[in-house]
Amino acid sequence: MKRNAKILLISDDNDKSFFNKINNIFKNEKSINLICSNSSTNNLKDHMFFDLSMIFIDYEFLKTDIEELLSFITFYLSYKSLVIIFAKKDNNLLSQNIYENALIFNENIDDNFYISTMNMLDILRYNKEIDDVTSLPGYFVLLDTLKEKFENNEIFSLVYIDIDRFKSFTDYYGLTRANELLGDLSHIMISVIGEYDDLLNNVYHVGGDDFALILADDSIL
């Protein structure tokens with residue numbers, strides 16, 4: 001199932017020229033849902049959806065400090081969305097090292113940008129459907145499964161698992177060991193769930209150190 005992609009546009013331009021440019025590029029693309037907001041964190045709280053695919057930031061008219069804004073986005077979304085900062089070539093963004101979780105775009109917003117964005121969205125959709133660390137179904141598959149079960153009035157249990165102190169483990173042992181740990185945990189969960197249910201697709205890697213289990217009943221709890 002190919003779901004629509006949500007893209008959040010952040011700009012403080014009163015003339016809305018950034019919004020209009022992006023909207024004009026995607027006006028005929030029905031699979032894109034554009035959401036507009038200024039950079040006020042109070043307003044942005046209402047738009048921090050976990051199924052946001054991308055976030056476009058208009059740096060030229062930005063009133064909120066960019067470090068503060070990126071920290072805010074990371075806090076709510078934990079790197080689940082691709083952030084692109086639109087800036088002019090003559091700015092000093094490229095000389096700074098605080099944007100490891102964002103891309104900087106300083107070219108014209110044109111048809112080539114449209115093609116690049118659609119290609120990136122395809123990659124993001126795949127990554128959110130099948131996690132490349134654990135090979136488990138990801139966040140979007142979980143949403144679709146829950147929606148189907150609710151629509152069919154199925155009885156089931158949902159278990160959400162968060163690993164305590166995982167960030168400390170990653171900082172101390174490194175990303176490679178952390179990914180190995182996630183892989184081992186996913187195998188353990190599949191093994192345990194498999195003793196109660198023949199369907200292995202009820203284990204999901206939501207992202208980071210978060211997992212979810214969908215159980216046919218509460219016999220395993």
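Me: Buried means under 20% relative accessible area. What makes Phe 86 count as buried?

Reply: In this predicted model, Phe 86 has a relative accessible area of 6%. The cut-off for buried is under 20%, so Phe 86 is classed as buried.

Me: How do you know that Phe 18 is buried?

Reply: The same test applies. The relative accessible area of Phe 18 is 5%; the limit is under 20%, and Phe 18 is therefore buried.

Me: Why is the pair of Phe 18 and Phe 86 called edge-to-face?

Reply: Two values decide the matter. Rings pair if their centres lie within 6.5 Å, and planes over 60 degrees apart count as edge-to-face. By this rule the chain has 12 aromatic pairs. For Phe 18 and Phe 86 the ring centres are 5.2 Å apart and the planes stand at 65°, so the pair is edge-to-face. Since Phe 18 belongs to helix 1 and Phe 86 to strand 4, the pair ties together parts that are 68 residues apart in sequence.

Me: What makes the pair of Phe 169 and Tyr 173 tilted?

Reply: Planes under 30 degrees apart would be stacked and planes over 60 edge-to-face, with the rest tilted. The planes of Phe 169 and Tyr 173 are at 40°, with ring centres 4.7 Å apart, so this pair is tilted. Both residues lie in helix 6 (residues 166–173), and because they are four residues apart they are separated by about one helical turn. In general, an α-helix has 3.6 residues a turn, so residues three or four places apart point the same way.

Me: Are Phe 169 and Tyr 173 buried, partly exposed or exposed, and what values show this?

Reply: Partly exposed lies between buried, under 20%, and exposed, over 50%. Phe 169 has 22% relative accessibility and thus counts as partly exposed. Tyr 173, with a relative accessible area of 42%, is also partly exposed.

Me: Which residues do ring pairs link into a cluster?

Reply: The cluster consists of Phe 18, Phe 19, Phe 26, Phe 56, Phe 86, Phe 105, Phe 113 and Tyr 114.

Me: How do you know that the buried residues of helix 1 line one face of the helix?

Reply: In helix 1 the buried residues are Phe 18, Phe 19, Ile 22, Ile 25 and Phe 26. Viewed down the helix axis, these residues fall within an arc of 130°, so they line one face of helix 1.

Me: In what order do the five strands of the parallel sheet lie, and what makes two of them edge strands?

Reply: The open sheet has the order 2-1-3-4-5, with parallel pairing. Strand 2 (32–37) and strand 5 (102–105) are its edge strands, as each pairs on one side only. Neighbouring strands here are turned by 20° against each other on average, direction ignored. Helix 1 (residues 17–26) packs on this sheet, touching strand 1, strand 2, strand 3 and strand 4 (82–86), and its direction makes about 175° with that of strand 2. Helix 3 (residues 66–77) lies across strand 1, strand 3, strand 4 and strand 5, at about 170° to strand 3.

Me: What makes strand 1 and strand 3 a pair?

Reply: Two strands pair if there are at least two bridges between them. Strand 1 (residues 5–10) and strand 3 (residues 52–58) have five bridges, in the parallel sense, and therefore pair. Within these strands, Ile 7 stands opposite Met 54 in strand 3.

Me: How many bridges join strand 6 to strand 8, and how many join strand 7 to strand 8?

Reply: Six bridges join strand 6 to strand 8 (residues 210–215), and four join strand 7 to strand 8. At least two are required, so both pairings qualify, and both are antiparallel. Strand 7 and strand 8 form a hairpin with two residues between them, and Gly 208 in the turn has a positive phi of about 60°.

Me: Why is strand 7 described as largely enclosed?

Reply: Five of the five residues of strand 7 are buried, so the strand is largely enclosed by the rest of the structure. In the chain, buried residues make up 44% of the 221 residues.

How values were computed. Residues are numbered from 1 along each chain as its sequence is written. This is a predicted model: local features need pLDDT of at least 70, side-chain atom pairs count only at pLDDT 80 or more; totals for chains, interfaces and linings use all residues. Side-chain values use heavy atoms; hydrogens and water are left out. Buried means under 20% relative accessible area, exposed over 50%, partly exposed in between (1.4 Å probe, protein chains only). Axes are lines fitted to C-alpha atoms, for helices over the stretch in contact, and angles run from 0 to 180 degrees between N-to-C directions. Contact means heavy atoms within 4.5 Å. Rings of Phe, Tyr and Trp (its six-membered ring) pair if their centres lie within 6.5 Å; planes under 30 degrees apart count as stacked, over 60 as edge-to-face and the rest as tilted. The arc is that of the directions from the helix axis to the C-beta atoms.
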